Amino acid sequence: MSTHTDTVRVSERLDALPFTRRHAKILGGSGLGWALDAMDVGLVSFIIAALSVQWQLAPAEASWIASAGFAGMAIGASLGGLLADRFGRRQVFALTLLVYGLATGASALVGGLAALLVLRFVVGLGLGAELPVASTYVSEFAPARIRGRLIVFLEAFWAIGWTAAALIGYLVVPSSADGWRWAFALGAIPAVYALIVRWSLPESPRWLAARGRNTEAVAIVRDLEAAAGRISLEPAAEGVAASAPAPRARVGALWAPALRARTASLWVLWFCVNFSYYGAFIWIPTILVAQGYDLVRSFGFTLVITLAQLPGYAVAAWLIEAWGRRATLATFLAGSAVAAVLFGTATGEAAVIATGMMLSFFNLGAWGALYAATPETYPTSLRATGAGWAAGVGRIASILAPLSVPPLLGLGGAPLLFVVFAAFFAVAVVAALFLREQCGRALA
C-alpha cells in the first residue's frame, strides 16, 4: 500500500469520528500551552508600563522590550514549522514550551535593559514556534466538519491566558518595586508543563502516515475510535518511509503555482493583523497612563477590555462553520477597523472601555478565524512549514509595530495611531477574500 493511500485512509477515519474525550484532551493540552503563551505576551504590556516608570525608560527603549521578543518570534515561527514537518508536531511543541518557559523565569533575575532584551529574544524563539505548531497539531486531529470550530476554541485559550496576564498585571505588578519580577517568575510554569505535554499527548497520525509510519498512525486512530465506541479490525499496512524534503525545498514549495495565491494572501493577512494587534494591545496600558490614568487604573481598564475577547471567540467559533472561513474572517476584520477608529478618538472612561471592548471582541474573533484557516491551506507535508512561515512574516510586523507607536503618537496622538491600525485591518479584509474556502473539506 502506498504512503499516499495510507495517508488518505487515516484522514478518512479521523474525519469520520465524533468529538470524544481524546479530542478534548488534545484540545485542552494544546490549549493550556496556548494560554500560557498568551500570559507571557500579555505580561509584557504591563511590565513595560511598570519598567518605563521604575527604570525611567524612554519610549524607544520601552518599545525595544516588545520588539526583541517579536524578533525571536519571527525566527522561531519559521524554524518551528520546518522542524515540525521534519521531526513531528509533539516534540517541537514540547521543546518550544520548555525554551520560552525557562527564559521567562530567568527574566525575573535581570538587573538591566540589555539582559532583559536578550532573554526576551530567547523567549520569542520558543513562543513564535509554539503557536503555528499547536494549531497545525490540533487541526490534524479534528474531524473536517468541526475543524474550524475546534481551532477557534484553541485560539480562545489565548483570551484565558491574556486575562490571567491582566489579573497578574493588576494585582502583582503594581504591588511592589519587584512586582514585575514576580510576574516573570510565574511565566516559568510552562517549563514544567512541557514535560507533561511531551509524554501525555500523541503524535499527529496524519503526519505519521505521511512519513510512512502507518503502524503508529493506525494505533493512534484506533485509540480515538475506541474512545468513540468504535472497534476497527482494519490491519495497519506497513508504509514506505517517506524522506523529508530539504528545508529550502519546503519553503520554495509554498510558492508553487498551485499554492502561490494562498501563500500571498496569508502572508498579507498575518502581517496586517499582527501589526494592528500588537501595536494596539501591547501599548494600551502605557497609552492610558500617558493620557493621565494612574498605573492601577490603567491596568484595571485593560483587564475589563480583555474580558471581551471571550465572547468574540464564541461568536467566531459559531460563524466559522455557518458562514465559512472567508466571510467570518473578513467580517471580524472589518469590525476591528471600525473599532480601532472609535477607540482612538474615544474620550472619557465609559467610551474608552466600551470601544476598547469592541476592538477586543472583533480583533480576537479575527485571530480565531485566521488560525483556523491557516494550517488547512496546505497539505500535510507542508502544513507546519506553511503555518510557521505565515506566522513568521506576521512577526516582522509585530517587531515594527511597537517601534512605530512612539513616533506616531508624537505625530498625531492616539487618533492618528489607531487610524493607521484601522488601515492595516482594511487591507487584511481584502486579502481575506482571496483565501481558498476549506469549510467542511478534508485535509489534503
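This is a predicted model: local features need pLDDT of at least 70, side-chain atom pairs count only at pLDDT 80 or more; totals for chains, interfaces and linings use all residues.
1. For the classes used throughout this note, Ala, Val, Leu, Ile, Met, Phe, Trp, Tyr, Cys and Pro count as nonpolar, Asp, Glu, Lys and Arg as charged, and the others, Gly among them, as polar.

2. A search of the whole structure finds six cavities of 30 Å³ or more, and the second largest cavity holds about 60 Å³ of space. Its lining is formed by R262, R325, A373, E376, T377, L435, R436 and Q438. When these lining residues of the second largest cavity are sorted by class, four are charged, two are polar and two are nonpolar.

3. Two packed helices are described by the angle between their axes and the distance between the axes. For helix α15 (residues 309–322) and helix α17 (residues 349–373), the angle is about 45° and the axes lie 7 Å apart. On the α15 side the contact is made by Q309, P311, G312, Y313, V315, A316 and I320, while α17 contributes S360, F361, L364, G365, G368, A369 and A372. The contact of α15 with α17 includes nine nonpolar and five polar residues, and no charged ones.

4. Helix α3 (residues 59–87) packs against helix α4 (residues 89–107) at an angle of about 140°, with the two axes 7 Å apart, and α3 and α4 are therefore also described as oblique to each other. In this contact G80, L83, A84, D85 and F87 of α3 meet R89, Q91 and V92 of α4. By class, the contact of α3 with α4 comprises four nonpolar, two polar and two charged residues.

5. Helix α3 also packs with helix α5 (residues 113–141), and here the axes come within 5 Å and cross at roughly 35°. The crossing of α3 and α5 is right-handed. The residues of the contact of α3 with α5 divide into 17 nonpolar, seven polar and two charged.

Key. Residues are numbered from 1 along each chain as its sequence is written. Side-chain values use heavy atoms; hydrogens and water are left out. On a 1 Å grid over the protein atoms alone, a cavity is a set of points where a 1.4 Å probe fits but cannot get out, and a pocket is an open set with protein on both sides within 12 Å along at least five of seven lines; lining residues have an atom within 4 Å of a point. Grid points are joined across faces, edges and corners, and a volume is the space filled by probe spheres set on the points. Axes are lines fitted to C-alpha atoms, for helices over the stretch in contact, and angles run from 0 to 180 degrees between N-to-C directions. Helices (H or I, at least four residues) and strands (E, at least two) are DSSP runs, numbered from the N terminus. Contact means heavy atoms within 4.5 Å. Angles under 35 degrees count as roughly parallel, over 145 as roughly antiparallel, 65 to 115 as roughly perpendicular and the rest as oblique. A crossing is left-handed if the near helix is turned anticlockwise from the far one by less than a right angle, and right-handed if clockwise.
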